Amino acid sequence: MNILTFDIEEWFAEETLYGDRKEKYSEYDMYLGKILDTLDENNVKGTFFCVGGLVSKYDYVIKRIAERGHEIGCHSNHHIFLNKMSYEEVLEDTKTAIDAIEQLIGMKVLSYRAPAFSVDKSNKWVFEILAQCGIERDASVFPAARDFGGFSNFPSDMPCIINQGGHIIKEFPICMTNVFGKRLAYSGGGYFRLFPLSLILSEMSRANYAMAYFHIGDLIPESNAVMTREEFESYFKVNGSLINRYKRFIKANIGKSGAFGKMVSLINKQSFISIDEADTLIDWGGMKQIEV
Ligand SMILES: [Zn+2]
């Protein structure tokens, strides 16, 4: 089973974080249109995790995706990393986002992904908040170490049931592979851009479960400028030293040229489904229960 997901925040992030470059909005519109057309051509439905902050000014983005029949999930309200917020702040952020999106699309939001996979043992109460807010399916677990976020000791990269103090969530983690003895994610982010398509396709063919995940900004070839210290620290909430900003810049831009075409080829060559469809196909009784 291969699942296809997109995290949708670029319009909101452009306005609040990237410098409000006027020409970028139409570029994001164009790339979203190309993605939706590719999915229609392949008769594929995916899950699009949308930031609630899009609703007030960029509601057309979410509507456009929903009208094509894809699942709309929640990707927080303001794309602030959950491990930088208190319990009360995450509760408020999650509720606000879900309410806004549900009112816009007239449907329940049942799937969630945290910005930058920012859920781990230290803020496992996030699962309680998700259950309280009516979320049934989560895709926030990245079961390996990473720069920001990542749940490195999470014991599974297959769909499983998370039990957090009696709160139950169906989890769809990011899938991993071993390359040179290292556990790496290959189906999204920087390693998707770095690895040859043949390797990604063969990994997916071997696996019983794969989770592809993309941000539109990761697929646009033009390199962004190195962030200023202020921009970096307001976004990542860690020290914005020159070395940290350059490291981030290189990671964020590596392999971007050709990334969009690679994603299209992947969708042409593999079959994909959305998280809500996967939920109906999985025998949950036979899946691991994990207490976090
Ligand atoms: Zn995101």
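Guide: Start with a pair across two strands: Asp7 stands opposite Phe49 in β2. Keep in mind that this is a predicted model.
Visitor: How many bridges join β1 to β2?
Guide: Four bridges join them. β1 covers residues 2–8, and the two strands run parallel.
Visitor: And which residue stands opposite Cys50?
Guide: That is Cys74, in β3. Strand β3 spans residues 71–74. It pairs with β2 over four bridges, in the parallel sense.
Visitor: Back to β2. Which way do Thr47 and Phe49 point, and which way Phe48 and Cys50?
Guide: Thr47 and Phe49 point one way from the strand, residues 47–50. Phe48 and Cys50 point the other way.
Visitor: New topic: helices. At what angle do α3 and α4 pack?
Guide: About 55°, with the axes 10 Å apart. Helix α3 is residues 55–67, and helix α4 is residues 87–105. An angle between 35 and 65 degrees counts as oblique, so α3 and α4 are oblique to each other.
Visitor: Is the crossing left-handed or right-handed?
Guide: The crossing of α3 and α4 is right-handed.
Visitor: Which residues make the contact?
Guide: From α3, Val55, Asp59, Ile62, Lys63 and Ala66. From α4, Ala100, Ile101, Leu104 and Ile105.
Visitor: What classes are they?
Guide: Seven are nonpolar, two are charged, and none is polar.

Notes:
Residues numbered from 1 in each chain as written. Predicted model: local features only at pLDDT ≥ 70, side-chain atom pairs only at ≥ 80, totals over all residues. Heavy atoms only, no water. Axes fitted to C-alpha atoms, helices over the stretch in contact; angles between N-to-C directions. Parallel < 35°, antiparallel > 145°, perpendicular 65-115°, else oblique. Left-handed = near helix turned anticlockwise from the far one by under 90°. Contact = heavy atoms within 4.5 Å. Nonpolar A, V, L, I, M, F, W, Y, C, P; charged D, E, K, R; others polar. Buried < 20%, exposed > 50% of the residue type's maximum accessible area, 1.4 Å probe, protein only. Pairing = 2+ DSSP bridges.
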